[in-house]
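This report covers a core residue, the core itself, a loop residue and the ligand shell.

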Amino acid sequence: MTTPTPTPAAATTRAPATLRPYRRSDADDLYDVCVRTADAGGDARGQYASDRLVGDLFALPYATLEPDLAFVVDDGTRVVGYVVGTADTPRFVERYRDEWIPAIAGRYAPAPSELTDDATPDDVMHYLHEHPERLLVPEVAPYPAHLHIDLLPGFQGRGLGRRLLETFASAAADAGARAVHVGMVSANTGARPFYDALGFHVIDVPDAGPLTYLGRATRP
Ligand SMILES: CC(C)(COP(=O)(O)OP(=O)(O)OC[C@H]1O[C@@H](n2cnc3c(N)ncnc32)[C@H](O)[C@@H]1OP(=O)(O)O)[C@@H](O)C(=O)NCCC(=O)NCCS
């Protein structure tokens with residue numbers, strides 16, 4: 001039984017916001033921010049049988065397995081944004097399979113054995129969850145870190161994404177990663193100018209499906 005996360009109070013563009021390391025008590029807020037930004041940057045609530053499903057793929061495994069690389073924006077009442085990721089994608093994939101899949105076993109229906117045209121949105125997510133090796137893309141291997149970053153709408157466009165991303169990049173560099181990548185849903189036209197402004201370039205990946213891979217050095 002989880003406590004529903006309250007909708008953030010009128011998040012004006014000047015609401016206070018502090019960057020700090022992730023704490024385990026932030027988990028419910030991470031699930032909430034994740035689903036509210038999971039539809040190519042927009043609200044995905046109601047699109048899956050559980051609103052926590054996307055968080056169980058794209059936020060909580062990172063915050064749980066790699067807490068030293070998880071940072072949040074706190075408005076004084078709750079977490080309103082985060083960056084999570086890993087400095088070592090192959091190692092993360094191993095730990096996702098060996099630790100995260102068992103940790104949440106039974107929470108969701110088993111994935112179909114293959115993805116067919118009639119797969120539901122839940123089927124697709126369950127399949128991605130059971131195939132963490134999808135993250136091992138040869139062309140992005142020179143960019144061993146990767147990340148996920150999301151802010152609630154009222155906290156976007158005021159420099160917090162830049163601060164989160166540079167905080168992550170610096171921590172990933174300290175952990176030994178020289179370069180970082182993101183696998184951005186190509187339909188997320190709002191995020192692409194952000195990554196451009198932060199110095200990311202396109203990594204050419206044939207057959208990248210719905211994703212565009214972007215990369216840059218962890219230090220300027
Ligand atoms: C993408 C996201 C993390 C960016 O964070 P942000 O706080 O809004 O971005 P910032 O205010 O830090 O912007 C940093 C730079 O990017 C530029 N930028 C950001 N979004 C932009 C946009 N839509 N168009 C043009 N430039 C943009 C800013 O102008 C700024 O440039 P500057 O520092 O040179 O002035 C945030 O908007 C977000 O969470 N969006 C929804 C979820 C999402 O799409 N996540 C990414 C999934 S891959």
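## Tyr82 and its contacts

Beyond its neighbours within four places in sequence, Tyr82 is in contact with Tyr22, Leu30, Val33, Ala59, Ala70, Phe71, Val72 and Asp150. Two residues are in contact if their C-beta atoms, placed from the backbone, lie within 7 Å.

The model is predicted: local features need pLDDT of at least 70, side-chain atom pairs count only at pLDDT 80 or more, and totals for chains, interfaces and linings use all residues. Residues are numbered from 1 along each chain as its sequence is written.

## The nonpolar core

Tyr82, Ala59 and Phe168 have the most contacts inside the largest nonpolar core, which has 53 residues. The largest share of this core, six residues, comes from α6. Such a core is a set of buried Ala, Val, Leu, Ile, Met, Phe, Trp, Tyr and Cys residues joined through C-beta atoms within 7 Å. Helices (H or I, at least four residues) and strands (E, at least two) are DSSP runs, numbered from the N terminus.

## Ala177

Ala177 lies in the loop between α6 and β5. Ala177 counts as buried because it has 23 C-beta neighbours inside 10 Å; the cut-off for buried is 20 or more other C-beta atoms within 10 Å, with C-beta atoms placed from the backbone. Leaving aside neighbours within four places in sequence, its contacts are Ala87, Asp88, Pro144, Ala145, Ala172 and Thr218.

## The ligand shell

Of the 20 residues around the ligand, Gly41, Gln156, Gly161, Pro193 and Ala197 come nearest. A residue is near a molecule if its C-beta atom, placed from the backbone, lies within 6 Å of it. At least two shell residues come from each of β4 (145–151), α6 (160–174), β5 (179–185) and α7 (192–197).

Terms used. A residue is buried if 20 or more other C-beta atoms lie within 10 Å of its own, exposed if 12 or fewer, and partly exposed in between; C-beta atoms are placed from the backbone.
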